[in-house]
Amino acid sequence: MKYLKYIAIILIGNVFVSCSDFLEPVPGSSITTDNYYTTAEELETGLIGVYAAIKGINSNDKDENHGVQWEFYVTEMRSDNTSTKSPDSEDASDAGQLESLNVLPTNNFVNNYYTSFFQVISRANVILANLDVVEDSAKAKAIEGEAKFLRAYAYFNLVRLFGDLPLIDRIIAPSETEIQFTRVGTNSIYELIVADLETAVSGLNNTYTTRASKPAAQALLAKVYLTMATPGSYLKAQLLCEEIINSTKYSLKSNFHDVFYTERNSEIIFAIGYNSGVQDNSQIFSAEWMNAVGNTSGVNYVTTNAVAAIDTYGGSRISDSYRPDPLTLFGGTIRYQVTKYFPDGASGGSDGQTFTGLPQLAGNDWIVLRYADVLLMRAEAILAGAIETSNGNAIDSYMQVRVRAGFNAVTDRPSKLTKEALLIERRVEFAFENQRMFDLIRFGAAQSVLSVFADANGFNFASTDLLLPIPQNEINLSRSSSTLMTQNPGYN
Amino acid sequence: MKTISNLKKRVSGMCLGALALIACIAVTSCDPTIDALSYDLAEANSKEDLKPPVASFKATVTADYLTYTFANTSSSATDYVWNYGDGKTATSLDGENTFPAEGTYTVTLTATDKLGKTNTYSSEVIVIEPEVPPALNPGVINGNFDDGTSNWKPNSFSGGTTNAFNASSDGDPNNYDGTPSGASKTPGAKWTSSTSAGPLLSSSTRYAYQEMKLSENTNYILEYSYAIKTDVADIAGGDRVIVEILDGWFNDGADAVVSTPLVQTIGNEANGKGNFKVVKQVFSTNATGEISIWIYAITNDELYVDNVKVYPAI
């Protein structure tokens, strides 16, 4: 009993020392977003993860995010440029719905793109929330600029495809259902995009091509301004384009072929990089566009409407835009394939299907922004929504792109550049680069062009088709919360 | 045998009774005049139209200012009637109309669902031919050099001089408006070997500079006349005057020298003193409309410039 007081002291003492972190250590065997980011290097690995979300996963699993690899489905295949191998207005498959402008809210390609690009936004938000671990302020500015560029890029694609969207500008918890399912107006989305890109322009430098750079942010912002088409935005777009042009960092490749088959060439401002032969780092869209080489029997085939346009206005760009599918030359209807993105540059032999390596693991980079786009955007900015312009600078920029395509600088030079001619030039220059649908809408020509195209092909066009449906999956998820997500008109 | 026939009778009797009952029910149920049914409402058990149509649309002008496309954004409707306000109508889903002339038209969309509920939405379309605003025409100040070098001096010049040129009385015999002055000469600007650029570039090389605010992205014409006394081909490239339109305003002449001009013209015909040649050059202004005129010469002789004009190209 005489030791009782010592025992009591030791026990009471234990009460105080036991409140240390001893029982709550960070488990060394696991990495979480809460504990991982402690240095600038670690934050940069997270930043690379944002690019990984854009690249998407090279597989045929519909539940995995395929990012930009499946972008052609929701952009080019809805336009008059491409379709499935055998277009059919009765085809109710996911791809068939897109080519015939008869998209259902349950369409998986739509859902996949939506989730992919919100994953980009979510990952960018994680980087932005952890900026305080970077001690060097210039480095912090650069990382912030890069993350904001990527968030703006994702939102810009989404807002043009879906209209009003949930505005997610920070890390949100699963319980925050209101912000997840409340769609805010496109004006607020564009405000965020512009603010993000302005930060990116001021924080970034010229180091990369397959990562964000200052000219990439400028070029993207110029396109945002052209899309907004508010008073004063054309001037801002023009100044941004001219800053890129005057920097003389970029130039047109003299041979159109080299734009697509020499990676990171002088014309590329921003591209999504892929590596050949590596499952985790390669892309499959190149194979999908061939005849039964990828997971499909052939998608993103060139419509006869696009073939006619390229034949008439393409100049020397024809062979590097499309070719007749070699397999269909033996009989039946001739179909046309895209030739800008042959898997690793291999055209597939005499039948278009014979490859030495694995065409499904192609390494062709996906070009997002290139110099020709900046030149034509400058012309568009000077045109400023008017029907035509006699402005020499606008015609100069327009002719620079045309001369590379084999047109004569003097005899083919128009005295006036019309909006219509510029839209046609953009169509043949950027054919199958996922620009057509956005161009048609931006030029105010979507309804008139697509209704004629739909009638000619037995499709059914309505103006509400210019926006995709909000994925049914999202609306179903919102049903269990107090905020019911709204659907776009025409999809109820 | 008797039991069989009894059985037959009973069965047929039952069948007959059942038939009579069915016929009775059929007759009464199909007759609306029967009193027992007169209290049932025609609408009984039918559901209310919870989602009546909401009409709306968006108008977009096409390349032709008279033609508009109308994007139908109505909900819960199946049939549509467009009234374009110019006497034309349509029943298509989306609308497209070419209006007869400029004016304000009230376009009305009536949306109807299959239960006969309707909703209308109207919007005014103002059809107007887009106007091209007239180009600014501020004119060149002291373009005839009557006031010597005033308004032609660079604001500052690092490592150089802000003297624009030598004021001279040996200018173009024509007036600024192109009419003959009657005299053999008017005031002009003059460059010599001591003020020349090129091989003779020095800190005393002179540049004439004038800022202008013009309409942005608009075509203008730069015009001037020049005379070269003799071209003795003893200066590399020959005696010549260089007149440029610079892309922007420059506080320091040294920045102007290294900038890329919007347009450059070179006058190199030596026709003798007093024999002026007119040069005209079209150029497009930049995005801001802020440009400047920049004149210098490469000469080891006497070179004259006069009547510098900038005016909108039609």
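1. Domain bounds, as used here, come from an automatic or database domain assignment. On that basis chain B is divided into domain 1, residues 57–127, and domain 2, residues 166–312. The centres of domain 1 of chain B and domain 2 of chain B, taken over C-alpha atoms, are separated by 58 Å.

2. The coordinates belong to a predicted model, and the confidence scores should be read alongside them. The model has an ipTM of 0.73 and a pTM of 0.84. For chain B the average pLDDT is 88, and 92% of the residues score at least 70. Within chain B, helix α1 (residues 2–29) has the lowest confidence, with a mean of 74, whereas strand β10 (residues 208–213) has the highest, at 96. Where pLDDT is low, the predicted coordinates should not be read in detail.

3. Chain B contains an open sheet of four strands, ordered β4-β3-β6-β7, with antiparallel pairing. Its edge strands are β4 (89–90) and β7 (118–127) of chain B, each of which pairs on one side only. Strand β3 (residues 79–83) of chain B runs antiparallel to β4(B), and two bridges join them. B:Trp82 is placed opposite B:Ala90, a residue of β4(B). Strands of a sheet pair through backbone hydrogen bonds, either parallel or antiparallel.

4. The contact between the chains involves 19 residues of chain B and 21 residues of chain A. On the side of chain B that touches chain A, at least two residues are supplied by each of β1 (57–61), β2 (67–72) and β14 (277–284) of chain B. By residue class, that side of chain B comprises eight nonpolar, 10 polar and one charged.

5. How many residues of helix α17 of chain A are buried? Helix α17(A) spans residues 419–429, and eight of its 11 residues are buried, so the helix is largely enclosed by the rest of the structure. The buried residues are A:Lys419, A:Leu422, A:Leu423, A:Glu425, A:Arg426, A:Arg427, A:Val428 and A:Glu429. Their cover includes α14 (304–313), α15 (371–383), β7 (388–389), α16 (392–404), β8 (417–418) and α18 (436–442) of chain A.

6. Helix α10 of chain A (residues 214–228) has 15 residues; from its first C-alpha to its last it reaches 21 Å, close to the 21 Å expected at 1.5 Å a residue. Since 13 of the 15 residues of α10(A) are buried, this helix is largely enclosed by the rest of the structure. Just after α10(A), A:Ala229 adopts a positive phi of about 50°.

7. A:Gly145 lies in helix α7 (residues 137–162) of chain A. Is A:Gly145 buried or exposed? The cut-off for a buried residue is 20 or more other C-beta atoms within 10 Å; A:Gly145 has 24 and is therefore buried. Leaving aside residues up to four places away in sequence, A:Gly145 touches A:Thr199, A:Ala200, A:Gly203 and A:Leu204.

8. A:Ser319 is in the loop between α14 and β4 (322–324) of chain A. A residue counts as exposed at 12 or fewer C-beta neighbours; A:Ser319 has 12 inside 10 Å, and so is exposed. From A:Ser319 to A:Leu417 the C-alpha distance is 26 Å, and the two are 98 residues apart in sequence.

Terms used: Residues are numbered from 1 along each chain as its sequence is written. Chains are lettered from A and ligands numbered from 1 in the order in which they are written. This is a predicted model: local features need pLDDT of at least 70, side-chain atom pairs count only at pLDDT 80 or more; totals for chains, interfaces and linings use all residues. Two strands pair if DSSP finds at least two bridges between them. Two residues are in contact if their C-beta atoms, placed from the backbone, lie within 7 Å. Ala, Val, Leu, Ile, Met, Phe, Trp, Tyr, Cys and Pro count as nonpolar, Asp, Glu, Lys and Arg as charged, and the others, Gly among them, as polar. pLDDT is the predictor's confidence in each residue, from 0 to 100. The expected span of a helix is 1.5 Å times one less than its number of residues.
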